[in-house]
Amino acid sequence: MHCNRRTVVIGLGSGLLYGRAFAQGGGGGPIDLAIVNVRAWTGRRGVFTDAIGLRGNRIVAIGAAAVRAQHAPRTRTIDAKGAFAMPAFIDGHTHFLRGSANLLLPDLLRVDSRSAFVDRIGRAARALRPGEWLLGGPWDEQRFGGVLPHRRWIDAVTPDTPVAIPRTDLHSLFLNSLALRLAGIDRTTPDVAGGVIERDADGEPTGVLKDNARNAVLRVIPEPDATAIDRRLRAGIAHALSKGVAQVHNTEVDWSVHDAVRRLRAGGPTGMRFNSFVPLRDWERVAGLVAAEGRGDDWVRWGGLKCVSDGSLGARTARFHEPYLDAPGQRGVWTTGVDEMRAMIPAADAAGLAVTTHAIGDEANDVVLDIYADTVRRNGPRDRRFRIEHAQHLSAGAIERMAAQQVVASVQPYHAIDDGRWAVTRIGEERLKRTYAFRSLLGGGVTTCFGSDWPVAPIDPLTGIDAAVERRTIDGAHPGAGIPNRRSASRTR
Ligand SMILES: [Zn+2]
């Protein structure tokens with residue numbers, strides 16, 4: 001319902017608005033919208049209200065008396081019939097377009113038969129325009145009997161849709177006959193070096209292409225057009241809103257989401273708010289954009305830059321002071337050179353842009369904090385809101401430094417219950433104590449924001465909050481994710 005959706009959007013930042021509502025409650029004319037008979041949590045612990053009044057897109061009255069006082073004949077009223085309401089969520093870290101694209105793909109890892117496999121591919125194909133490629137929903141033949149799929153299974157349900165779906169290990173692709181034809185592969189096509197074209201007993205390609213054999217089809221798959229991207233975004237927005245998310249930050253390493261959401265915005269309100277981060281390397285381009293057009297509006301905002309300083313714990317590329325326990329001598333990598341960061345971050349900051357840096361290993365976090373401190377010394381104080389994305393493994397003094405330097409920790413609690421399954425074998429008990437230290441961050445006075453990292457984790461804030469509070473690994477094998485005293489208990493602010 002549009003009005004409800006709008007209410008959710010307006011709910012953003014209501015902790016701040018709550019105070020303001022009382023301050024403005026007396027004046028400013030009648031309210032445009034009254035939501036009454038509601039059980040609304042205001043965003044402050046234990047503080048509920050039974051009515052909300054809005055003028056334009058601002059909450060200006062809280063409580064039945066205040067709402068009644070500003071009610072006018074033209075005020076629209078929604079009777080919530082006792083329903084619960086709360087401020088909407090902001091997801092501080094998403095890869096929104098990738099997540100959105102996945103929503104339209106068949107979920108093939110949760111099929112238990114060949115007929116379900118075929119059925120889901122057929123349904124996904126029917127949702128596409130003729131000629132549009134169906135490219136995802138990774139599959140695993142073990143889920144449907146252990147036999148590699150054959151293009152004949154799906155040709156009848158994908159007559160106008162070229163299909164090229166990766167196996168879950170990403171080393172094989174499964175094509176239908178149309179895609180094989182477009183790739184120019186038939187029974188006469190020889191295998192290429194480092195690749196295999198699977199063939200059946202008759203010598204016909206089955207549709208499964210392995211490793212280098214995939215290149216023939218990868219070459220002919222076109223980039224998605226604007227219509228396809230818009231449809232994906234709309235699906236992503238609907239999904240995010242259904243989870244109570246009314247704003248996402250796109251912490252991207254390219255301009256794909258920025259371009260896509262700006263195009264969507266050009267056609268009207270996007271229905272959900274976007275805060276767009278693009279690569280730090282392009283800071284001059286962003287500075288130019290801000291100079292020419294400002295920083296966007298409430299629907300799509302920009303001016304943020306993302307830098308990636310190191311890799312990930314999973315790939316043993318997160319940068320640590322000490323080596324990995326299971327890879328002696330390896331301390332991870334810098335994905336952006338330290339000198340390069342030292343040059344770019346102060347320059348972007350001096351241009352008034354907002355910098356956030358991905359840092360997972362403890363050394364990466366320390367070096368980023370050093371660079372942020374140098375930047376402040378050089379450029380002087382301002383409301384810059386430096387952020388660190390992940391802030392996953394911290395050295396002993398890092399939390400105090402983050403608080404003192406007013407660096408925002410942008411953390412994704414779901415990773416704690418995901419990586420928590422095996423993190424101890426990689427970095428040991430001692431470093432684990434300062435891993436996903438949400439409780440310590442909050443207790444130490446660090447401004448902390450949660451996010452999902454969708455599609456790496458579900459875009460469901462309640463799942464993320466549950467992960468932060470309970471810290472049960474997703475395999476159930478490590479209660480407390482090995483670090484029970486770091487639970488960010490609900491009683492923390
Ligand atoms: Zn991410």
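Let's start with strand β12, residues 273-279. Six of its seven residues are buried, meaning 20 or more other C-beta atoms, placed from the backbone, lie within 10 Å of a residue's own. Strands here are DSSP E runs of at least two residues, helices are H or I runs of at least four, and both are numbered from the N terminus.

A word on the source. This is a predicted model: local features need pLDDT of at least 70, side-chain atom pairs count only at pLDDT 80 or more, and totals for chains, interfaces and linings use all residues. Residues are numbered from 1 along each chain as its sequence is written.

Now the neighbours of β12. Strand β11, residues 245-251, pairs with β12 in the parallel sense over five bridges; pairing takes at least two DSSP bridges. His-249 stands opposite Asn-275. Strand β13, residues 300-308, also pairs with β12 in the parallel sense, over six bridges. There, Ser-276 has Trp-302 as its bridge partner.

β11, helix α10 (residues 256-266) and β12 form a right-handed β-α-β unit. Right-handed means that, with the strands pointing away from the viewer, the path from the first strand over the helix to the second runs clockwise. β12, helix α11 (residues 283-293) and β13 form a right-handed unit too.

Which residues touch the most other members of the largest nonpolar core? Leu-305, Ala-348, Val-355, Val-368 and Ala-409, out of 73. Such a core is a set of buried Ala, Val, Leu, Ile, Met, Phe, Trp, Tyr and Cys residues joined through C-beta atoms within 7 Å. Helix α13, residues 362-379, gives the most to this core: six residues.

Key
A residue is buried if 20 or more other C-beta atoms lie within 10 Å of its own, exposed if 12 or fewer, and partly exposed in between; C-beta atoms are placed from the backbone.
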